[in-house]
Amino acid sequence: MADSKESLSVTDNRTGETYEVPIEQGTVKAMAFRDMKVDEDDFGLMTYDPAFTNTANCRSTITYIDGENGVLEHRGYTIEDLCEHATYLEVAYLLIYGELPKQDELDEWVHEITIHTFVHENLKEFLGGFRYDAHPMGMLQSSVGALSTFYPGAKNIDDDRERFLATIRLIAKMPTLAAFAYRHNLGLPYNYPDNDLSYPGNFLSMMFKMTEAKYEPDPRLEKALDVLWILHADHEQNCSTAAVRAVGSSEVDPYSAVAAGVAALYGPLHGGANEAVLKMLDRIETVENIPDFLQGVKDRKERLMGFGHRVYKNYDPRARVIKKNVEEVLEVTGKSPKLEIATELEKHALDDDYFTERKLYPNVDFYSGLIYEALSLPTDMFTVMFAIPRTSGWMSQWLEMVKDEETKIARPRQIYTGERARDFVPIADR
Ligand code: CMC
């Protein structure tokens, strides 16, 4: 009889009818409400949930978040353990396949990604067609979409080999497209991939190599970038991942679906917060100005950027790792006065009831911008730096969706609030 309690009894007061709705994994099926009708002709009840704030769109085994306790796990491994013991490509494998790779599997995976880092020369020309000051996220979005025209076989999404190739190609080519966009903005020749280097090392080479015959990345920066990319690899059903799944549910090729993810990430409410943090630290200017700035936040004249999160109501576990990471990067690149302001700002906010009562703690973006700035990246590149690692998350979620028997084309309902059955008015009479 214990099972009989796993349900919801709903009485429709319009009809007096009572319905039993099964509860499964803490959820009820929205379609169960469709049976609740006032008469045979009635369409049935729908649920209304703008922004899907309380609607699960899928079952997933990829990423677990416990926002109340500040926990983030990929395939059951904590983000702290992954950052300490794994490389970004190892985590990408874990996201895609569900298990950590054995050594030979990892070697094969890294080899496959490494030999797919080059892009077609026409794609280079395509990027060359952008204006000198084109935003690199706009360039990335369109060039990722354009990849579908180079690999038309990717539209066979039921073919295992095609899905594998698209996964490898996207993870391999994203840094190349990102670095080409950066070099384009500077009017510098594009650097081809160097397949002798590691995944982050090659990215640094494509970004910063000048006249030297061989670029030798600083291992400390390589490591810092790798950790940063692990931290950004996946974050379950965020806006861009939901976009990839929604667009992918139409059975379009994965390049087009991931281009939709890049577009969603471009928005300032999603991938753009790290840039806003730096602008805020610039405005604060000195540690002495922090109390006045925080008063402005409490008076609602300002927003404390890099603080707060829809899901985490405790310290964002990614922020804790990244803070250590910033210190390591600054050891290589030199001190940043902004780190002192950021650290003091965090201390003041965590000491203030206004912020703790609202559960406002630093999120991943509070410190990531400082690393990008230390690497001499222009602010326009910050969101691009997020898109590179999120590609493995997008692809793992896309693969999961394609193989899920419950997947149907995403097609929400609406509550129509407009006019009905109006008489057409000829233009002369309007
Ligand atoms: N500064 C000041 N007050 C804040 C902030 C903030 N950053 N965030 C939330 N609040 C206040 C808000 O005013 C509200 O107060 P009250 O109840 O008195 O009206 C209370 O805290 C609850 O906030 P909310 O707006 O209901 O929270 P939300 O879940 O809708 O917003 C958020 C989440 C991330 C949009 C928001 O915290 C925010 O705007 N933060 C700054 C931007 C930022 O850092 N974004 C990066 C998110 S992490 C990267 C990613 O995953 O893409």
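Glu-236 is found in the loop between helix 8 (219-231) and helix 9 (239-248); helices (H or I, at least four residues) and strands (E, at least two) are DSSP runs, numbered from the N terminus. The model is predicted: local features need pLDDT of at least 70, side-chain atom pairs count only at pLDDT 80 or more, and totals for chains, interfaces and linings use all residues. Residues are numbered from 1 along each chain as its sequence is written, and side-chain values use heavy atoms, with hydrogens and water left out.

**Exercise 1.** Carry out the analysis for Lys-359.

*Solution.* 
Step 1. Lys-359 is placed in the loop between helix 15 (353-357) and helix 16 (365-374).
Step 2. Its phi is positive, about 55°, although Lys-359 is not a glycine.
Step 3. Because its relative accessibility is 38%, Lys-359 counts as partly exposed.

**Exercise 2.** Determine whether Asn-238 is buried or exposed, and name the residues that it touches.

*Solution.* 
Step 1. Asn-238 lies in the loop between helix 8 and helix 9.
Step 2. Its relative accessible area is 12%, so Asn-238 is buried.
Step 3. A polar contact is a pair of N or O atoms within 3.5 Å; within protein, one must be able to donate a hydrogen and the other to accept it, and residues adjacent in sequence count only if both atoms are side-chain atoms. A polar atom in the side chain of Asn-238 lies 3.2 Å from the backbone oxygen of His-235.
Step 4. Contact means heavy atoms within 4.5 Å. Not counting residues up to four places away in sequence, Asn-238 touches His-270 and Arg-390.

**Exercise 3.** Explain why helix 7 is described as largely enclosed, and identify its N-terminal cap.

*Solution.* 
Step 1. Nine of the ten residues of helix 7 are buried, so the rest of the structure largely encloses this helix.
Step 2. Among the buried residues are Tyr-199, Phe-203 and Met-207.
Step 3. The buried residues of helix 7 pack against helix 2, helix 3, helix 6, helix 8 and helix 17 (382-403).
Step 4. The cap at the N-terminal end is Ser-198, with a side-chain oxygen 2.9 Å from the backbone nitrogen of Gly-201.

**Exercise 4.** Check the span of helix 3 (residues 103-114) and list its buried residues.

*Solution.* 
Step 1. The expected span of a helix is 1.5 Å times one less than its number of residues.
Step 2. For the twelve residues of helix 3 this gives 16 Å, and the end C-alpha atoms are 16 Å apart, so the values agree.
Step 3. Leu-106, Trp-109, Glu-112, Ile-113 and Thr-114 are the buried residues of helix 3.
Step 4. Their cover includes helix 2 (88-97), helix 6 (160-186) and helix 7 (199-208).

Conventions: Buried means under 20% relative accessible area, exposed over 50%, partly exposed in between (1.4 Å probe, protein chains only).
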